[in-house]
Amino acid sequence: MKIRLVRGSHETARGDLLAVALPEGRIPAPLKKLDRRLGNLLSAAIRRKEISGKPGDMLYLSAPGLPVKHVLFVGIGKPEDLTLDRVRQAAGRAARAAQDRGLARISTDIADLRVKEASPGDLVQAVSEGVHLAAYRFEKYKSEKKNGKPPLDLVMLIFAKTPPRGSAGAADRGRLISRAVLWARDLISHPSSDMTPRDMAGEARAMARRRRKVSVRVLGRDALRRLKMGGILGVGRGSDEPPCLIVAEYRGRRGRPVALVGKTVTFDTGGISIKPSAGMDQMKDDMSGGAAVLATIQAAADLRLPVRLIGILPAVENMPSGRAYKPGDVLKTMSGRTIEVLNTDAEGRLILADAIHYATTLKPELIVDVATLTGACSVAVGNRAIAMMGTDRTAMDALKEAGELTGERVWELPLWEEYEDLIKSDVADCKNIGDRSAGTIVGGIFLKPFAGKVPWVHLDIASTAWTEKDLPYVPKGAAGIAVRLLMRYIEKRKGVKA
Ligand code: BES
Ligand code: ZN
Ligand code: ZN
């Protein structure tokens, strides 16, 4: 898909569809003119209350009097409440509507939109992301593609005069970041049998091969043994697919890195503490954290950000078998800390324990881990937020802000030391589950000591990694969550200039 910046107006717009943002309240002057050209069909629909401009409202019309074939009004809510994410959502809805109808070329006019504290470039980037992300389909395993309809292939952004400076760059940033998100969605959507730990390592290597300043190392079982990574080795024992630790580095500058750790359980059966079979298929998404980390490294390299990032992916398949680890087992992690395993389904924290400790040996400024860690996350914050915990106030505040701008919102949960009692073990330094309470917090409490003194943030994406129904720019299935959040955060860190 291409984004093109063009000069013109509603009246000269070309293509199969003109998508127009409709605010709630009074019809703005430029739309009145368009309404007249459409035989007042818009004002009539508003009078009949068929559309009011609320987010999600849509009105599709044929446009015999215009060069463009059809017009789609998309509600964006009250102008004073407009956010970048509402713009992204409206762009996504328009893209989806066009694609469902087999309309390949759309025009849209965003010059009159105003978002508090956002530059014209931010708006262009949001539209670019919205259309790219919404048009995604995973069709690798379908014999018949695209429902026979042409895919959306051109989006023209109309400006009355010369497009504001930086618009072309912003459109391209949106494209490159979206491409990384879609890659993450692809990795997650693959059946686990085609996306094993070894396959993930292969994907990381292929990404690095095509990029400057990106390198990948993969530590196999022998290396994991030498490093005494009992957590990863323990969880990986039950599977015929060998575990590994994937280390991907992007060197956009020298100096201390930011370490991104991503849970990469390519399939989570629960192990001996096996999960119920209904819905177990979704556990192919248990590597969403790792996918987000690799995609963030790709995007940072594509945007040539002046940052140093190290992605660390503990990759395993969690299976029951004659060799599998069992409840009651004690695992000794790389840090020396021992863990009593009371549930083999709380495996993510066991592999992250080693990966986070390994990260500390690289002397990073900050460690951020991203993980589909707890089902309880759906209870705590539902599918509207990523649960965040950590020890670095500045980083958490900045991530919160990045979440508002990207629409990948984070909500902080506490790590009060009183919670530590929940994971005291009779036989080891800690146990891997608590009681029924505070499931998501217990995940964070468990991980905290493995970061040692290094500033650390934990993002639990268990409730946002997969969507059961279509969202404005996230089709049903893998969301590719956290890539845009991390990118925005990294770009803004210490005023790194994008
Ligand atoms: N991968 C799951 C978490 C999960 C569950 C993600 C549902 C998305 C949807 C994780 O490994 C797990 O099974 N966690 C257990 C922990 C429990 C045993 C303490 C859980 O949440 O039930
Ligand atoms: Zn599990
Ligand atoms: Zn899991």
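In these legends, Ala, Val, Leu, Ile, Met, Phe, Trp, Tyr, Cys and Pro are classed as nonpolar, Asp, Glu, Lys and Arg as charged, and the remaining residues, Gly included, as polar. The model shown is predicted.

**View 1. Residue shell around ligand 1.** The shell around ligand 1 consists of seven charged, four polar and four nonpolar residues. Of the 15 residues around the ligand, those that come nearest are Lys275, Asp286, Asp345, Glu347 and Gly375.

**View 2. Polar atoms facing ligand 1.** An oxygen atom of ligand 1 is 2.8 Å from a polar side-chain atom of Asp345. Backbone atoms face nitrogen of the ligand: a polar backbone atom of Thr372 lies 3.4 Å from a nitrogen atom of ligand 1, and a backbone N or O atom of Leu373 is 3.4 Å from a nitrogen atom of ligand 1. The protein buries 76% of the 510 Å² that ligand 1 exposes when taken alone.

**View 3. The six-stranded sheet.** The sheet is open, with mixed pairing, and its strands run in the order S1-S6-S5-S2-S4-S3. Strand S1 (2-7) and strand S3 (58-62) are the edge strands, each pairing on one side only. From one strand to the next, the twist averages 25°.

View 4. Four bridges join strand S2 (residues 17-23) to strand S5 (residues 105-109) in the parallel sense. Ala19 stands opposite Thr108 in S5. Helix H1 (residues 29-37) packs on the sheet, where it touches S2 and strand S4 (70-77), and its direction makes about 135° with that of S2. Helix H3 (residues 84-100) also packs on the sheet, touching S2, S3, S4 and S5, with its direction at about 150° to that of S4.

How values were computed: Residues numbered from 1 in each chain as written. Chains lettered and ligands numbered in written order. Predicted model: local features only at pLDDT ≥ 70, side-chain atom pairs only at ≥ 80, totals over all residues. Heavy atoms only, no water. Near = heavy atom within 4 Å. Polar contact = N/O pair within 3.5 Å; in protein donor to acceptor, adjacent residues only side chain to side chain. Areas by Shrake-Rupley, 256 points an atom, 1.4 Å probe, with all protein chains shown as cover. Pairing = 2+ DSSP bridges. Helix = DSSP H or I, 4+ residues; strand = E, 2+ residues; numbered from the N terminus. Axes fitted to C-alpha atoms, helices over the stretch in contact; angles between N-to-C directions. Contact = heavy atoms within 4.5 Å.
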